[in-house]
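Here is a walk through one protein chain, from its overall make-up down to a few single residues. Have the viewer open as you read.

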Amino acid sequence: MKLAVLSGKGGTGKTTVSSNLAFITKSLLIDTDIEEPNSHIFLKPKNIKNFPVNTMYPEIDMERCILCGNCGDFCRFNAIIPSKKKVLVFEESCHDCGGCKIICRAGAINYCKREIGEIFVGETYFNSPIKYGKLNIGEMSGVKIIKELYKTTPEKDFIIDCPPGTSCTTVASVEESDFAIIVTEPSPFGLSDMKLVIELLQDMKIPFGIVINKSIEGNTELKNYCNKNSFEILGEIPFDKDIAKTYSKGEIICDTLPQYREIFENILKKIPEVINNEI
């Protein structure tokens with residue numbers, strides 16, 4: 001099973017959940033949060049190899065260009081803009097779809113290659129595989145890196161530490177998954193942003209369950225919402241000072257505080273139940 005861990009906002013505990021599940025299952029973990037990957041801080045990989053990720057962008061042959069404007073009309077990302085005397089190309093905005101070259105009547109568009117980031121592959125300190133991508137500073141889209149992460153992964157079962165929110169990178173990350181774990185926190189912001197992620201997953205028809213991190217007694221708004229809408233709560237991670245200390249040291253909870261291991265084991269046990277209920 002390909003298991004995605006995501007959240008509506010940053011700082012809710014995605015990496016906490018994904019790293020602990022990887023520790024328990026000894027599965028491959030893929031960190032697709034390419035702007036701020038941090039799984040490697042906890043999994044402490046060794047024997048790391050890195051590979052560049054390239055993308056293509058259009059280059060205009062102005063001797064052949066007839067300034068018809070078709071390329072600019074086609075591009076929805078404003079990466080190519082015809083003017084009266086030349087065609088402007090904004091490399092960072094290009095999504096490498098190839099459409100402008102196909103639509104060019106004069107055959108004036110060719111493609112050039114440039115590096116947008118890297119993929120890192122290694123072994124965790126508990127001897128399971130880890131992969132993560134990192135987007136170069138100044139780049140606008142890292143979707144190509146995420147697709148390359150999946151393209152170069154032969155394993156059929158892995159855990160995905162997704163980017164926060166509901167952006168293009170989140171969609172690219174979660175579309176490969178069989179099941180999604182939404183990590184949220186019992187706060188108004190946590191609930192509001194969780195609703196956006198639920199809407200995304202429902203549109204993509206991906207089954208999901210919810211993990212409440214930093215759970216405290218007396219805060220019932222989040223649970224009431226889940227119960228009202230029949231959303232399965234897979235588990236709750238308590239708001240505990242020892243957990244915070246462990247996280248701040250870059251340590252995995254199940255390794256340093258084994259008394260909490262059962263929480264993550266129960267999360268895994270509940271997933272088949274949720275999937276069967278969806279069928």
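## Ground rules

A residue counts as buried under 20% relative accessible area, as exposed over 50%, and as partly exposed in between. One thing to keep in mind throughout: this is a predicted model.

## The chain as a whole

Let's start with the big picture. The chain has 279 residues, and 50% of them count as buried. Its secondary structure comes to 11 helices and 11 strands, and the C-alpha atoms fill a box of roughly 70 × 45 × 35 Å along the principal axes.

As for contacts between residues at least 6 apart in sequence, 72% join residues at least 24 apart.

## The sheet

In what order do the strands of the open sheet run? The order is β3-β6-β7-β2-β8-β1-β9-β10-β11, which makes nine strands with mixed pairing. The edges belong to β3 (46-60) and β11 (233-238); each has a single partner strand, so one side of each has no neighbour in the sheet. From one strand to the next, the twist averages 20°.

For a look at one pairing, go to β1 (residues 2-6) and β8 (residues 158-161). These two strands run parallel and are joined by four bridges. Lys2 stands opposite Phe158 in β8.

## Two cores

The largest nonpolar core has 34 residues, and Ile182, Met194, Leu201 and Ile210 are the ones with the most contacts inside it. Leaving out residues up to four places away in sequence, what does Ile182 touch? Its contacts are Leu6, Met194, Val197, Ile198, Leu201, Phe208, Gly209, Ile210 and Val211.

There is also a second, separate core of 33 residues. Among its members are Phe126, Leu234, Phe264 and Ile271.

## A helix with a buried face

Now for helix α5 (residues 143-151), whose buried residues are Val143, Ile145, Ile146, Leu149 and Tyr150. Looking down the axis of α5, you'd see these buried residues fall within an arc of 160°, so they line one face of the helix.

And what covers them? The cover for the buried residues of α5 includes the strands β2 (28-31), β3, β6 (109-123), β7 (129-135) and β8, along with helix α6 (168-174).

## Residues worth a click

Is Lys84 buried or exposed? Its relative accessible area is 81%, so Lys84 is exposed. You'll find Lys84 in the loop between β4 (80-82) and β5 (87-89). Lys84 and Leu67 are 17 residues apart in sequence, while their C-alpha atoms are 7.4 Å apart in space.

The next two residues are about backbone angles. Most residues other than glycine have a negative phi. Lys214 is not a glycine, yet its phi is positive, near 55°. Lys214 lies in strand β10 (residues 208-215). With a relative accessible area of 30%, Lys214 is partly exposed.

Ser230 has a positive phi too, of about 60°, although it isn't a glycine. This residue sits in the loop between α8 (221-228) and β11. At 66% relative accessibility, Ser230 is over the 50% cut-off, so it counts as exposed.

Terms used: Residues numbered from 1 in each chain as written. Predicted model: local features only at pLDDT ≥ 70, side-chain atom pairs only at ≥ 80, totals over all residues. Heavy atoms only, no water. Core = buried A, V, L, I, M, F, W, Y, C linked by side-chain atoms within 4.5 Å. Buried < 20%, exposed > 50% of the residue type's maximum accessible area, 1.4 Å probe, protein only. Contact = heavy atoms within 4.5 Å. Pairing = 2+ DSSP bridges. Axes fitted to C-alpha atoms, helices over the stretch in contact; angles between N-to-C directions. Arc of directions from axis to C-beta.
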